[in-house]
Amino acid sequence: VAAKECHAMTKRERYEELRQNGFLTIGAEESAYTTFSRWQIVAIVAVGAAVVAGLIQRPLSTLVLVNAAAIAGYLAIVSFRFYTVHRGERLAGRVLPISGEVRDEEDDAQLPVYTILCPLYREAATVEQFVEGMARLDYPFEKLDIRLLLEEDDLETQAAARAAKERRGNPESIQIVVVPRGQPKTKPRACNYGLRGARGEYAVIYDAEDIPEPDQLRRVLTAFRRQPEDTVCVQAKLNYFNPNQNLLTRFFTAEYSMWFDLFLPGLFAVGSPIPLGGTSNHFRTAALQGFGGWDPFNVTEDADLGIRIARAGCRTAIIDSTTWEEANSQVGNWIRQRSRWVKGYMQVWLVSMRHPLRLLRSLGLWRFLCFQVTVGGTPFVLLLNPVYWCLSLLYLLSAWDIVPQLFPQPVLAISLITGLIGNLTFIYLSIYGLLKREFYGFVPLMFLSPIYWVLQSIAAWKALYQLLVKPHFWEKTTHNLASAPTGGPQA
Amino acid sequence: MTSLERTSPGPTVLRPQPAMGRLPMPSPSFLVELALVAVVIAVSVLARSVVERAGETPYQEFLRMQWLLVDGGKGLHLDSLSLPLAPLLHVATAMAVGPDLAERWLPVALSVAIALVFARWLLRDYPPAVKLVAAGLLIASPLFYLLQRQLDVQVYLLLLGLQLLALRAFRVQPTVTRITAVIGVNILLSLTTYMALPALIAATIYLVVLAERQREVQPAAWRALLWLYIPFSFAGYLLWAVFWVVAGSRVETSFFIPASSGDPSQLSQMLRSLGGDLALPLLLLFGLVAGLLLVPRATTAGATHRRDHALAWAVLTCAGFALGLIGLQTVARRLPMQIDVITFTMLLLIPAALASVFGRPAAPFRSMSWVTRAVLVASAAVVVVLFPLRYVVDPDSLEGRLPAADARQRAERDAAAAFAGADPGGRILLDPRFTATFVREAGIDPRRLITPFDDGFEQIVKAPPDDVRVLLVTDSLSDDVAGNYTAGRLTELMPDATLIAHGEAGSAKVRAFRRELYKEPAQDLPFVERDPAVSQQENTVLMAVLSEMQSRNGLPVRPDGWAYAIDLGNLMSYAARRGNIELFRMFSDRVVNDYLVTQSDDANALYTVAWRHRPDKQNEASGTTETLRMAEAYWTAGERWDNEYYRRLAYLMTRAYARHQWSDEYGEGWFIRNYYNYETKSYATNTFLVDYAPDVMRRIAQYMEDPSLLAAADKATVFVAAAQLDSGLFHEMYQPEIATLYANITFFSPNGIIQLIDSIEAALGLAEISAPERARRTFEFAREHYRPFTALSNQYHMDGRATGERENAPAVYAYIIRLGVRLDGRDPWLTELVTQKLNADRMFGGERTVQDDFNWFFAWTSALLALREYQEVPPS
């Protein structure tokens, strides 16, 4: 008991410290500081107990029921994915593409100050490249408020940042912000700290290796102007500058092309809450500060912020401008990154679902369902896939008759439709996304997508394990594995 | 905006706006299309009676069935060959507007849609005159309206037109969205018929060729698009195959689709029909080829003109592939493509293609020589005029035209008309086919139906629940295409069914039986006892027999391990006469389970009784004596308890017995063959005199009013009488082949020896009704040769001399007693035989036991029966 109290105290102390120092500006209820609420634990135990009791009393019926529920979930997710993409494509020509030709032309003098937040940790090598990239933006340099967010213990990067600033004559536009030592040492914590002194009317986050399209900020301003006032965030599309590096980067490129070019616009089109992508999220700064910034305990703080924006009744738009990033090219590194993302989605779902009725009231039924399918559905599918692959193999390779029994006629019919059409749909959407991006050479590879899905599921199970064991652990992704851009459209 | 999208020519055409307050004038094309729709609807309505005269197709029955299955809560049931789109469309329409409207108007709507796709969209940019010609070719064909009986082909044609349209749109502006549209159409197309395969292959080649020749977009983009196009266009078939293999219906339904199997005779049929159904399509195909070759390619119209040719080439390629695959199918005997579809495809698509070649611009036509022009004009005239004229001149030629009609539906309609007034209510069991037309015409609620599609149908059909009041049976035993279970058991053999409706057309039969819910009796009858000493004797024998049976698994198993039906027949007759229902049902259950054939694909075997049974072996053959004895036992039970179920069982067995009849080609020779071999499915070629009992046949035939059975009884009487010798004994056997060796000898007895018991048994079958005087002669023979205190000789020469072989077993005395009782009632000699020869003490004398006496069960079961029959007769 004493040990538990001690542990609880430590966590609470950490929480209080974050609040007092301004690293955490949201309430405990909205933070992933606690993974499971009390009633969630009770609910999980109750459902688990019911399933176990069912398995004891009526094992086959229980398994069929669980199976049918899972299949229904699959069906909902596949249908939703297809529907959103379809809607997004219908809308694409009319609302989203704020391309160079249609953006508002404004006098540089009338442009607002734009804050660029760039958290850096042990990335001394990329500081210069990043600052150079920002300088190339089609935006008056003096109107930029570039805030390099550096950890107190990362002296090497601090030195590199100062050198880069000095090389440009110590302009006011570049601010070096040293984030005080503390835990958890995460990107959102640094961002919250950096946001406090932000001067810009608008703010955006870029990672150190990001290469945004030069006119992105101007397009965003146009988008903010054309969208209703309650649009507080604009998400730019992300894609990779090193797609040709290896098979993994090709798959990753296909996934990003589908996610950012098809799915997120689709979510925008159907009015769904949008889980923000890792970078290139542009905000109205005041609104962002009003939301309390990011949750430092959430390992996908961006997705979490997207949901909080929706819960507050505000909107996120998707803009047709791309930021080029580096695709993860090593399997181990990729799994670490992906497990963090999936774990983050689980955290977002758990945090949001602490008060399901409150969430329902704030989002409305449709957006509530969209949230369930988008945020809850993603880890759900990745976790369940291996189970069904195993069942399929068992069915094909063994004479174990339990598998057919798990699929009585109606369940079998729906699961077949879901499985076959679902798989084809996902491959098709991958190809569709690639074609839109003109990655023609990758198209045949998409028929090998199941290999990539296996990796995703491995990462998902790792994420689940980490959620239970070390929920706030930030799997740091190694960057700069690509020596040079390898064939993307920007190359 | 991708490079694919940038290829769009996209000039914006500004159309003049109509002046305010004035209605815009409809364009000539619009008027042509409007007229076309009106004509298609009008002709469809006017031609309905003609089309109906051509008969309904199996596919119409199939769609009806699907709707009834859905309406009855059983869901769609398809198989690998019956592709789902047309059934889904029909069922969805029926759900929306009702089945009658769906059947009547959905095909008309599809005809309109086909005509519009061709005229409005495929020939969109053509002058109204060209549209008129193409539409004229289309709607002048009677096949266009006959096609309304084949919804899947209609849907196929419609989608084929849409596919051409989508492909053309894609070629004009190759974008991902447009290729997606083509893929969507292709997936739908592949779910109509397997003939979509050639269309998909042709379209693929078309795109591959374009990928090589296309100059407007990047080759890499084309190749990427092909990666999207090819696998996903064929995904419909893949999905359907996997879906069906894993989750499909367990009952085949594709027999509704004509010529869908890999019938090896298809190619020859096709060749034969070159002068018939295929004449027009081939003529059109020829015209198309000629057009493509003759019309110069390079014209002032440039790309537009080439595009027009592409449509024709696409149609031609599709037709070529279809013909090739049909040929392949004929060789492989596997692929499931319908020949009808290619006929219709050529017939209905080629006009559009022809029009596209010749329709615009006029320059190529003008540039031809006058001979070429004349040939083309004449060809078109032949097509437009002669082909419809054929049907106008000879309307009967519509009969049997494509798609072929199904005679079964006429039988179903006739049966439905009779059934409507005799419907007893309750549930209806259909076996083996789902007679959709019958159900619809009789106005039956589909929820009442139990069909081969139901779970556990195999069990249901073996033992239908009590609420099943009607059995609807189609066709014959060879009808194995639909159900997994033969209808033969039910057709005329159900013990508890009465025929209430019947329809027949050609070889198709539809019969509805009302199921009579007979019950077996539960109460014993009063025990008739006239002599307590005989009763005691009877009980002692019965106890001994039952005791021996009990130790042999409840059966009278003889030393060779077989339990003979004749012994069980004696016991059943005994139990029926004694009125002991428990005893009777105990034996009856064994008979039904072990001896009586109630489930078999072999109609000849049904309701015969196996002559012997052994649990570890298959029953070998029927026994005519045994079948008749068993029938007699059930008949006796039916009479004693006044129970119709037993009477019907007896009747069915007697009919099964009568199926053993044989007569020669001149109608002179006649006999009941001794057995039917279940394994070799062949009858014996001889007969024994013990195989006859005309009295039993006659009683049953008279009660059931069955003239054929009565005739058989008469023949049996004549036959048995013919076998009687002057001595009063009967020959043992009859075998027609003997006559080929020994002239005029057909009856004979092996070695010239006659068994007395066999002659008594033959006489027993005639004693009461058929020929009592002949039976008396046999009885008198036995009485004359009897000497007190001496065993009766059981074997005699044909002249009546005893062989000296004595038989002390009770069986022969039992048969003499039974014969005597029937002829004279109880007389002192019979009483002497009863007390001395059937004395139960002899059973336990130690000289002959069950183990060493092969006939122990036969002897003592015969004795039991004799004792009972003796007791039943009042003293004279």
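1. Basis of the review. Because the model is predicted, local features are reported at pLDDT of at least 70 and side-chain atom pairs only at pLDDT 80 or more, whereas totals for chains, interfaces and linings use all residues. Residues are numbered from 1 along each chain as its sequence is written, chains are lettered from A in the order in which they are written, and side-chain values use heavy atoms, with hydrogens and water left out.

2. Chain B as a whole. Chain B has 36 helices and 18 strands; these are DSSP runs numbered from the N terminus, with helices (H or I) of at least four residues and strands (E) of at least two. Of its 876 residues, 57% are buried, a term that means under 20% relative accessible area, with exposed meaning over 50% and partly exposed the range in between (1.4 Å probe, protein chains only). Accessible areas come from the Shrake-Rupley method with a 1.4 Å probe, and for residues only the protein chains shown count as cover. Contact is taken as heavy atoms within 4.5 Å. Among contacts in chain B between residues at least 6 apart in sequence, 73% join residues at least 24 apart.

3. Chain A as a whole. Chain A contains 16 helices and eight strands. It has 491 residues, of which 57% are buried. Its accessible surface is about 20400 Å², with 61% belonging to carbon and sulfur atoms. For contacts in chain A between residues at least 6 apart in sequence, the share that joins residues at least 24 apart is 82%.

4. The interface. On the side of chain B, 24 residues are in contact with 20 residues of chain A. The two chains bury about 1900 Å² between them, 79% of it on carbon and sulfur atoms; buried area here is the accessible area (1.4 Å probe) that two parts lose on being put together, summed over both. Between chain B and chain A there are zero salt bridges, a salt bridge being a side-chain nitrogen of Lys or Arg within 4 Å of a carboxyl oxygen of Asp or Glu. One residue pair across the interface is in polar contact, with both residues at pLDDT 80 or more. A polar contact is a pair of N or O atoms within 3.5 Å; within protein, one must be able to donate a hydrogen and the other to accept it, and residues adjacent in sequence count only if both atoms are side-chain atoms.

5. Which parts of chain B touch chain A. Two or more residues each come from α1 (3–6), α10 (176–190), α12 (219–233) and α13 (235–247) of chain B. The largest share, eight residues, is given by α12(B). Sorted by class, this side of chain B has 18 nonpolar, five polar and one charged residues. In this sorting Ala, Val, Leu, Ile, Met, Phe, Trp, Tyr, Cys and Pro are nonpolar, Asp, Glu, Lys and Arg are charged, and the others, Gly among them, are polar.

6. Salt bridges. Side chains of opposite charge can pair when their charged atoms come close. Over all chains the structure holds 55 salt bridges. One of them joins B:R698 and B:D714, at 2.5 Å from N to O. B:R698 lies in helix α29 (residues 694–704) and B:D714 in helix α30 (residues 707–722) of chain B, so this pair ties together parts that are 16 residues apart in sequence. B:R698 is buried at 10% relative accessibility, while B:D714 is partly exposed at 37%. Another salt bridge joins B:E620 and B:R612 at 3.0 Å, N to O; B:E620 is partly exposed at 28% and B:R612 is buried at 13%.

7. A salt-bridge network. B:R699 forms a salt bridge with B:E768, with the closest N and O atoms 2.6 Å apart. B:R699 lies in helix α29 and B:E768 in the loop between α32 (756–764) and α33 (772–785) of chain B, so the pair ties together parts that are 69 residues apart in sequence. Both residues belong to a network of salt bridges that also links B:R577, B:R640, B:R818, B:R822, B:E869 and B:E872.

8. A residue of chain A. A:E475 is found in the segment after α16 (449–469) of chain A and is buried, with a relative accessible area of 6%. Apart from neighbours within four places in sequence, A:E475 is in contact with A:R336, A:S339, A:R340, A:K462 and A:Q466. The C-alpha atoms of A:E475 and A:S339 are separated by 7.9 Å, although the two residues are 136 residues apart along the chain.
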